[in-house]
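Dear colleague,

Please find the structure below, handed over for your work.

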Amino acid sequence: MLIQLGEEQIEVPEVLPVLPVRDVVVYPGVTVPLAIGRPKSLAALEEAGPNGLLLVVTQRDPSTEEPELEDLYPVGTVVRVVRIIDARHDGKQALVVGAARAQLGERVASEPALRVRATVLLDSSSDDGKTQEAWRRVVVLAQQVIDARDDLPEEWKAFIAGIPSPGLLADLVASNLPLPPEERIRLLGDSDPGRRLVRIESYLEREITIARTQQELRKKSEAEDLDPRRRERMLRGRMREIQAEIGEGDAGFREVDELRDQVEAANLPDEALAMAEHELKRLSALPQHAPDRHLIRTYLEWVIELPWSVETEDKLDLADARAVLDGDHHGLQKVKDRILEFLAVRKLAPDAKAPILCFVGPPGVGKTSRGRSSARAMGRKFARASLGGVRDEAEIRGHRRTYVGAMPGRILQSLKRAGSRNPIFLLDEIDKLGADFRGDPSSALLEVLDPEQNDSFSDHYIELSFDLSKVLFIATANTLSTVPPALLDRMEVIELPGYTERDKLAIARQFLVPKQLEAHGLSASQAEVGDDALERVVSEYTREAGVRNLERFIATLMRKVATRIAGRGPDAKVEVNAEFVADALGAPPHLPETAERTEVSGVAVGLAATAHGGDILFVEAASHEGGKGIRLRLTGQLGDVMRESAEAALSWVRANAESLGLDEDALAPGEIHVHVPAGAVPKDGPSAGVTMVTAIVSALTNRRVRGNVAMTGEISLRGLVLPVGGIKDKILAAARAGIDTVVMPRRNEKDLVDVPADVLDALDIRLVDNIEEVLGVAIGTAA
């Protein structure tokens with residue numbers, strides 16, 4: 001069918017793609033911007049293309065995400081697509097102009113877009129006297145509304161008088177009136193211009209009454225000596241009374257009034273209050289079903305609900321805080337002391353800035369739970385944001401409001417959920433932040449974690465300064481090697497080492513066993529867990545720095561107990577002892593192996609510090625004759641630093657062959673092969689230098705290394721043993737592996753202060769200055 005659009009005639013096909021919209025009614029002759037993001041809607045827009053035709057139909061229920069034909073009103077508008085704008089990667093904006101009314105017919109297709117047969121509804125004749133009279137009355141009433149309202153330009157009066165047809169006048173006026181959705185649909189479905197104009201008359205008369213009453217109230221209030229804000233509240237209260245008297249139930253006015261009341265009650269700072277009032281004025285000037293209304297409302301709700309001035313009062317009783325911290329966690333004394341120090345400073349200097357802490361340690365040692373416990377001890381709310389895998393800067397700072405689906409970043413989202421501006425805020429897994437073309441989140445965190453500037457943090461969505469200086473930020477990480485230096489410089493690092501076997505036994509008895517008994521519906525009398533059972537689980541089934549696997553094995557034991565009790569009856573009892581553990585858990589994965597693996601020459605035990613805690617490693621060396629000169633072959637996925645340590649080790653051995661008692665046959669041309677299991681795990685670092693020297697000397701002299709000795713230290717070409725890091729983790733790993741003697745650089749003696757006293761008592765710590773002393777302990781008799 002041919003229809004007229006301006007000065008152009010266009011052909012409307014029988015079948016059209018449908019674009020469902022929420023709370024929007026497009027009238028013929030009216031240009032409207034539409035935000036499009038749903039897959040079927042995007043498919044319909046793509047099918048139409050620029051200058052193409054669509055059938056825009058309003059949903060009955062705006063909350064329906066994937067509307068079908070039965071979810072739409074039976075009448076819509078044929079529109080022409082004027083322009084398409086890529087708003088974001090997951091949405092578009094389209095500028096459309098209404099062309100004609102249309103009745104929806106049968107469904108033709110549902111994928112990729114809904115397509116229906118449509119019948120164009122042309123306006124009936126408007127030459128009769130009643131229609132002409134209604135036309136004149138609506139023009140006069142519309143001009144009176146413009147005269148009565150200060151926000152409408154005078155030029156609109158001439159524009160309305162020049163509209164060429166009564167149908168177009170009715171549609172243009174209806175699109176700018178605050179009408180209920182049902183009334184908008186009713187006007188769209190009526191093809192008689194005269195009836196539409198008569199219905200619009202009553203709405204225009206109401207607008208005139210409201211506008212004139214506003215003028216009278218304004219004049220009266222100006223005559224009275226009132227505070228401007230108080231006068232505005234009074235005027236709006238009277239306006240609500242007037243609207244109720246004339247039956248004006250428009251939800252748009254109620255919505256603005258409700259938001260205004262919430263803004264006044266929110267105790268916003270001056271900058272936020274000015275922005276909220278500006279957005280409220282914009283909202284009140286828009287028609288009820290304008291596309292931008294829900295965007296402005298969402299923004300205002302975010303501004304209102306942020307805790308600008310809401311904060312909790314710190315519990316400054318240090319004894320109570322200590323009791324809470326000790327009751328929640330075993331050990332971790334450094335963390336507990338730092339929280340108590342913060343409370344002490346707060347007690348003496350209430351306005352002191354909060355520190356930025358970073359808990360670094362292997363998985364399962366209680367970094368995250370320690371943050372929650374600290375919040376409970378201090379009486380603060382707890383907020384948490386997981387940063388693992390975050391690659392978009394907008395995740396921290398938020399998206400600008402120009403984007404479809406924009407929202408604040410994780411910082412303000414978490415503070416809103418916490419409902420306080422001074423919570424303990426845990427930034428979990430900060431070492432696992434990424435970066436790509438969307439920006440670098442770690443750079444966005446520089447402002448957040450800088451006490452000198454985070455009192456005016458600006459989120460891209462809110463675009464207001466928010467004070468983060470009262471927030472106690474705690475970051476967690478497994479390693480510092482992946483944290484950018486600029487970010488690391490802003491944080492106070494507290495290392496959380498792995499647990500000893502004694503710690504694990506205490507944690508299992510005090511926390512894990514009661515927790516798993518409750519989780520499995522058991523009582524302590526039904527499952528009697530003996531110390532021998534826990535000792536066996538700790539020594540033979542777990543060899544980790546934390547306690548996650550320990551908790552999993554205890555949960556397995558409780559499931560076995562629950563199975564037996566469920567079969568025997570609720571009064572049954574099960575004794576969980578070492579034999580029960582072996583039967584329930586099967587063969588232990590960890591057994592002492594150092595003695596077995598060092599039964600042959602050329603094998604030495606080293607110590608390593610990893611992101612998962614300390615661990616032991618075996619360095620194997622073998623020599624083969626043949627070829628020209630001595631060649632060094634390295635395997636086991638060794639990094640550059642470790643390869644250079646091996647070369648330095650071989651150079652020292654060759655330079656000191658005589659003192660080592662190596663004859664010419666031992667240093668004959670051939671190959672020395674150094675291998676570090678496990679081959680699938682990458683390894684690097686200088687601390688295996690002394691272990692490599694020991695393994696090579698053992699292989700060349702055919703003398704075994706003592707199986708109960710483990711060592712760590714960097715070597716120089718002069719044979720000096722240089723200090724290394726991770727001493728505490730390495731010594732704890734040696735204790736877990738059943739090592740008796742640990743050889744370490746003398747210059748690391750200061751690091752022994754951090755090692756638990758019971759671990760030091762169980763080990764023979766040998767402090768050395770040079771490689772000769774290492775060889776004396778590991779292969780020969782110690783000097």
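Findings in the predicted model

Asn 267 is located in the loop that runs between helix 8 (251-265) and helix 9 (270-285). Please note that the model is a predicted one. Although Asn 267 is not a glycine, its phi is positive, at about 55°. The residue counts as exposed because its relative accessibility is 53%, and exposed means over 50%.

A positive phi, of about 60°, is also found at Asn 702, again not a glycine. Asn 702 belongs to the loop between helix 24 (689-701) and strand 22 (709-711). With a relative accessibility of 60%, Asn 702 is likewise exposed.

As regards the backbone, the peptide bond joining Glu 111 and Pro 112 is cis, with omega about -10°. Pro 112 sits in the loop between strand 7 (91-109) and strand 8 (115-121).

Two items concern charged residues. Arg 736, in helix 25 (residues 727-736), is buried yet has no salt bridge. The nearest side chain of opposite charge is that of Asp 615, 6.2 Å away. Apart from neighbours within four places in sequence, Arg 736 is in contact with Tyr 499, Glu 501, Lys 504, Arg 543, Glu 544, Ala 545 and Gly 614.

With kind regards

How values were computed: Residues numbered from 1 in each chain as written. Predicted model: local features only at pLDDT ≥ 70, side-chain atom pairs only at ≥ 80, totals over all residues. Heavy atoms only, no water. Helix = DSSP H or I, 4+ residues; strand = E, 2+ residues; numbered from the N terminus. Buried < 20%, exposed > 50% of the residue type's maximum accessible area, 1.4 Å probe, protein only. Lys, Arg positive; Asp, Glu negative; His and termini not counted. Salt bridge = Lys/Arg side-chain N within 4 Å of Asp/Glu carboxyl O. Contact = heavy atoms within 4.5 Å.
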